[in-house]
Amino acid sequence: MIGPIRIRPPLLRDSATRTYAAGAEARAVLEKELEGIRAAGTWKGERIITSKQGPQINVEGSRGSILNFCANNYLGLSSHPEVVQAGIDALKSYGAGLSSVRFICGTQDLHKNLEQKLAEFHEREDCILYASCFDANAGLFEVLLGPDDAVLSDELNHASIIDGIRLCRAKRLRYKHMDLSDLESKLKESQSSRMRLVVTDGVFSMDGDVAPLQGICDLAEQYGAMVFIDECHATGFLGPRGRGTDELLGVMDRVHIVNSTLGKALGGAAGGYTVGPKPLIDLLRQRSRPYLFSNSLPPPVVSCATRAVELLLASNEIAQSMTAKTMRFRNNMTQAGFTIAGSAHPICPVMLGDARLASLMADDMLKLGVYVIGFSYPVVPKGKARIRVQISAAHTDEDIDHCVDAFIQTGRRHGVVS
């Protein structure tokens, strides 16, 4: 016997139709946006690496070992045997993760030990760990600054700094890139504010240029402001002991707050942190939303970073090896006719201008056994596409020379050099 036939009420049918139409319309909008990215030559594909991170890697679709010249693995510690072993030991002893935020049941002695060592490394009073430096930047300004305060930010600061500043209620002033005269005018403009914070990257990651911290600190002291620096592309290898840009420029005692990462030179896994005055760190533990509402860093990640910091506290030999290798690449590329932005920093942007050219040259470099990536809008401004090369302490002179030779071959093929 056939059961009763159920007819969907008109209201439900209309609702389902509208939902489908809304989804289809959104899909069309997204596909159009994606097509525009492809047409502009700024599509960012993701190559698949089938080996551990290092100066030589294996890449899906490529034969043999490939020289890697675009990782943030500045000191080569991502696969350092002692760093890896520290992670293995922690995994066995402390488990894979905490399944909790720090203030509930997510703080182990591992976390406190790493925070203590990072404070010691930077010669600051205290430290607080985050899931990333993006989170550290997102969690700082909202807590520190209120509507009676002002923040003065370099116009080319990292996206995470920009987003973090947007979350705070302070008056926001943006000064021209590394322009001390413009910074001073903004300091004069904001003199009625209760507290003022000058915010800058220590090293600007897209150009490899170093902030003029001595001049910034001079102005900050003259006008009664504090100084914050993001040291993601400096910690571990800039300065005589690898302490960063503030050590390099002799202003460690004049910079009030430092944010940095564990995800680059310090083992390359994950995590970020803030170091600074203890009252600030205590307040961040109470009110910083990314800290309060994000899971604790996993024990293996914490232990890997701890071992990396211990290696740097024990010796500056690795950090000191960077300068000669960086200048070997920069000098040889300049002699070949390429334009290299920045100064004596391991970030060596090969300036090309055209986004499609940067992408095509990077693809051709891979065929010659060198892994680099083209950078274009919105990562860098329109018309300033480049291939960003990054030198590691783990690269040999032969590696660097091979990279330069590959650039010359590719540059000639595309008419960039003669």
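Modeller: Happy to! This is a predicted model.

Colleague: What is the phi of glutamate 123?

Modeller: First, the general idea: most residues other than glycine have a negative phi. Here, glutamate 123 has a positive phi of about 60°, although it is not a glycine.

Colleague: Is glutamate 123 buried, partly exposed or exposed?

Modeller: Glutamate 123 has a relative accessible area of 48%, so it counts as partly exposed.

Colleague: And where does methionine 178 lie?

Modeller: Methionine 178 is in a loop too, the one between strand 5 (171-175) and helix 7 (180-189). Its phi is near 55°, a positive value in a residue other than glycine. Methionine 178 is partly exposed, with a relative accessible area of 28%.

Colleague: Let us step back to the whole chain. How is the protein divided into domains?

Modeller: There are two parts: domain 1 (43-70 + 316-414) and domain 2 (81-314). Their C-alpha centres lie 27 Å apart. The contact draws 17 residues from domain 1 and 14 residues from domain 2.

Colleague: How much area do domain 1 and domain 2 bury between them?

Modeller: The size of an interface is often given as the accessible area lost when the parts come together. For domain 1 and domain 2 this comes to about 1200 Å², with 60% of it on carbon and sulfur atoms. On the domain 1 side, Asn316, Ala319 and His345 lose the most area to domain 2, together 37% of what that side buries.

Colleague: Which residues form a salt bridge?

Modeller: Aspartate 207 pairs with arginine 386, and their closest N and O atoms are 3.3 Å apart. The rule finds 1 salt bridge across the interface of domain 1 and domain 2. Between the two domains, 6 residue pairs are in polar contact.

Colleague: Which element gives the most to the side of domain 1 that touches domain 2?

Modeller: Strand 15 does, with 3 residues. By class, that side of domain 1 has 9 nonpolar, 6 polar and 2 charged residues.

Key: Residues numbered from 1 in each chain as written. Predicted model: local features only at pLDDT ≥ 70, side-chain atom pairs only at ≥ 80, totals over all residues. Heavy atoms only, no water. Domains from an automatic or database assignment. Contact = heavy atoms within 4.5 Å. Buried area = accessible area lost by both parts, 1.4 Å probe. Salt bridge = Lys/Arg side-chain N within 4 Å of Asp/Glu carboxyl O. Polar contact = N/O pair within 3.5 Å; in protein donor to acceptor, adjacent residues only side chain to side chain. Helix = DSSP H or I, 4+ residues; strand = E, 2+ residues; numbered from the N terminus. Nonpolar A, V, L, I, M, F, W, Y, C, P; charged D, E, K, R; others polar. Buried < 20%, exposed > 50% of the residue type's maximum accessible area, 1.4 Å probe, protein only.
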